[in-house]
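Hello,

Here is the structure I promised to pass on. My notes on it follow below.

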Amino acid sequence: MSTLLQQILNGLSLGSIYALIALGYTMVYGILKLINFAHGEVFMIGAYAGYFAALGLGVERYTDAGFPLYLAILVLVFAMAVAALLGASIEFLAYRPVRSAPRLTPLITAIGVSLFLQNAAMLAFTPNPRPYPAILKEVRFELGGVIVTNVKLTIFVVAIALMVGLNAFIQRTWTGKAMRAVSTNIDAARLMGIDTDRIIRATFAVGSALAAAGGILFGLDQITINPLMGVLTGLKAFVAAVLGGIGNIRGAVLGGLLIGLAEQMTAGYLSPDYRDAITFVILIIILILRPQGLLGVVRPEKV
Amino acid sequence: MHRRQLFSLAVAAGIVISGSACKKKDEGGGSDAKGGGKADKGEIIIGHYASMTGNTAHFGQDTDKAARLAVEQLNAAGGVLGRKFKIVTFDTRGDGAEAANAVTRLIDVENSTAILGEVASSLSLQGAPIAQRRKVPMVSPSSTNPKVTQVGDYIFRVCYIDPFQGKVMALFARRTLKLDKVAILKDVKNDYSIGLADAFQKAFVAAGGTIAAEQSYSAGDTDFSAQVTAIKSSGAQAIWVPGYYAEVGAIARTAARLGVKVPLLGGDGWDAPELFTIGGDALNGSYFSNHFAPDQASPLAQKFVADFKAKYGQEPTGLGALGYDGVMVIADAIRRAGSTAPAALRDALATTKAYEAVTGKITMDKDRNPEKSVVVLKIDGGKAKYESLVNP
Amino acid sequence: MQLLRRLAIATAIGLVLFGVGAWLQDGVIEYVQRIVLLAGINVILAVGLNLINGTTGQFSIGHAGFMAVGAYGAAFFGVKLAPVVQRLVGVGSVADAITFNVALLIGASLAGVTGLLVGAPSLRLRGDYLAVVTLGFGEIIRISFNNAQFLGAATGYFGDTPAGLPAYTSFFWVYAWTVAIVILIWNLTFSQTGRSLSAIREDEIAAEAMATPTTRLKVLAFSLSAATAGIAGGLFAYMQSGIRPEDFRFDKSIDMVVMIIIGGLGSISGAVVGGIFVAVTLELMRDLQQYRLVMYALLLIIIMLVRPEGLLGSRELPALVRARFSRAKAAGQGPR
């Protein structure tokens, strides 16, 4: 029984990270109907930004005492800022010029950006996996046979905080409302005087910042990071967004948790060899049975 | 319609004509006489094919760095037979077709005297038939699958093969550590790991032990909690983890985190400084087999480590040491053969006897695999220490 | 007169091709031969993918999976079939040729069936979703091979002997199959069925309204496209001593997409050009080793930003050549 609970706990923590990344996918798709293939790489760069920030702030000197909380938060903020800048730049340089082109062109451009970032990272950071700095000093405790670490708790806390924050941002702030408007109907929004270009860029920035947070949490939980970490994780997060209903923020969260659980259960009870395949199987099933996702609405196509 | 049909007809005619004229020549590769020229003067070219990019890039890069160090040192000492060495490296990108392309180009365009490569057995299996067919000696630094040298008499290696290493550690676990139940956690993406896991299993069971659980992961995975959790409930007294250092380090940390206190056992894939930076204290109490012990290393091994560190600012991995030895073994064979002619070089390589290499004394057996001793190391206080020596 | 002129052109082309063939067979080092073979295989992949991505407008980015099915199918059955055929016709090049081509056809059929199974559920989806689903299927296929013990799993399938798979693939066979497939696809594209496929690309709903059996056609085109990828896979397998699941990753699907993008989506001659281009430049860029993949990605982005229609757009080479000549002729004849 404790094994099952352990697997569930691990699945949920992994799923929270997927959720953070999925939010970025879903927001961008909601506005532009574009799958931002490069989002996984933004996640990776965010993780590396955190890595270098932590090292730069001398995390290695604190191994016994534990890295001070205010510095850890600084690392998080720094990484999120770097990612936001990167996401907005990608939008400006690579996606905006092809926004009016037939659907295939931005898709291929996105794939190109993704490949570029992966390989540039391999050159810049070397392909060797790096151990993630102890931004959080690891503390374990056991709860009825289930091992819980403070890292897992932090993942939940940070993920929930960010999601609540995002929700508030979208519902209450002007920019957030503008984002909702643009995603409902971009032309109408423009007619209402909203600067759609700026809002789109802001969407990319916010989504990227969330992904960076996911990247740092991922590094802490998964112990190592490497330049190709964004490829599979990004894809799984995308499936999570689709599962929940692409364009739907609550759907992204739900999808992320479900995918995390499914992956962990498959790895634990079926075979670890299929942990990646199960995500794709879920994708295919959901697209065939309920393409709008679990929480999505069917939008009839006008001819 | 006319135009297209005529065009088709013409092209078809072209096929038929070219086919019938060339048919008898498209068998048997037909280029033994061309390419792969072994010049008698000028530089001795060693062709290195390795994964310099892609997900196994660090293996290729480690090997290449050490190989270049070897070439540098050989040239500083005046080369061999009055000729200096040059090493040409081609990237296989971890891809089978690229490996074959690389070897073909190293032979045809670069006129390599000998080929060094590859780390991955499945890529060596792509390059070896080409080297064998073109009669260019190939020395693999770290391919451990027995099949590689079975391709032909021009193919050699300088590392021990899976069956040997697996057996050594299995017997160590059974007889020295007195273990009855061991779990296996292998990397299914890596034939090195699969081969070593199988060899261990066979030997361990034959010696009376039982395998408590069998789990797997893929190179590049970062999450091992599912597998470790499953092993935890199996009652294993140790875990055999014959993978590469990056994942092994993370596995050790995961095990410590999940409260799994049994020792880990492994092979020479553990050998890298990153093992300790990633695994940290979680590795204490674990054992692995390797080529030399840092605290009991021969003067030759110590010098290699020092030289590598001086040149590259980092410590070498086990793969690096094997790359270095690969080049040195080739150079030694050339010296003994007195020429770079392929047949003579092949014979000299085959008769390598008690050659003092960084990774131990190398004597080639009849299958062109080296008879080398295995050193078992124990990790204590974040460092690897000598535990015992096992001779073939 | 017209007929004679056309015959002369056709014969000239035929002789040129024959000359090239003979030269490549003997006068060129193995290394260049390999590049030519890979270029041929690329052309088959590109032309096949173009049928579904370009002509029919259904974007698939998981074709490496079908190539894998074809490769493993051809490799496995070829190895098993060889002794049987040799007992029937005796050892030698005739037996090899029979075994090789039968194996290729088996591989292609398996790939085609796989295409059918993948296409049937997926082709209801549009655009981006279809792309991701095909990606998913491609990965599932690869992971399945990775776990198939009897096919060597991750180590790969190397046949039954240490020397690996026999090297059946030669310039002649690659050339023959490439030409056959290009002609087949060309004729299909400019036939009635082909026009229906183009109609689906342009406006699926309108095509449906005109009583075109869109779903059936899409699935058939997909299946055929998968089968050609299977042929390419089989040819690829017998060029190596073995094949591994790692050889058919997502990267390979992307390579195929790049080929048809460079040449121009929807153009068969573009696909041919693109296939050759990718094989040759990838090798030429070898000296830039480390930067190769980065530049490759940059190239993709730049093409999309600057000239997304690729080299030829959706036009075909013969049409372009004809247009050039007729323009020259019209200019020479003075104002009309």
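In what follows, a contact means heavy atoms within 4.5 Å. This is a predicted model, in which local features need pLDDT of at least 70, side-chain atom pairs count only at pLDDT 80 or more, and totals for chains, interfaces and linings use all residues. Residues are numbered from 1 along each chain as its sequence is written, chains are lettered from A and ligands numbered from 1 in the order in which they are written, and side-chain values use heavy atoms, with hydrogens and water left out.

Let me start with the interface of chains C and A. Here 33 residues of chain C are in contact with 40 residues of chain A. Together the two chains bury about 3300 Å² (accessible area lost on being put together, 1.4 Å probe, summed over both), 81% of it on carbon and sulfur atoms. C:D128, C:Y129 and C:V132 supply 19% of the area that chain C buries there, more than any other three residues. Between these chains the count of salt bridges (a side-chain nitrogen of Lys or Arg within 4 Å of a carboxyl oxygen of Asp or Glu) is zero.

C:K218 counts as buried because its relative accessibility is 4% (buried means under 20%, with a 1.4 Å probe and protein chains only). Leaving aside neighbours within four places in sequence, its contacts are C:I52, C:T56, C:Q58, C:L123, C:I200 and C:E204.

Enjoy looking around!

Best wishes

Note on methods. Buried < 20%, exposed > 50% of the residue type's maximum accessible area, 1.4 Å probe, protein only.
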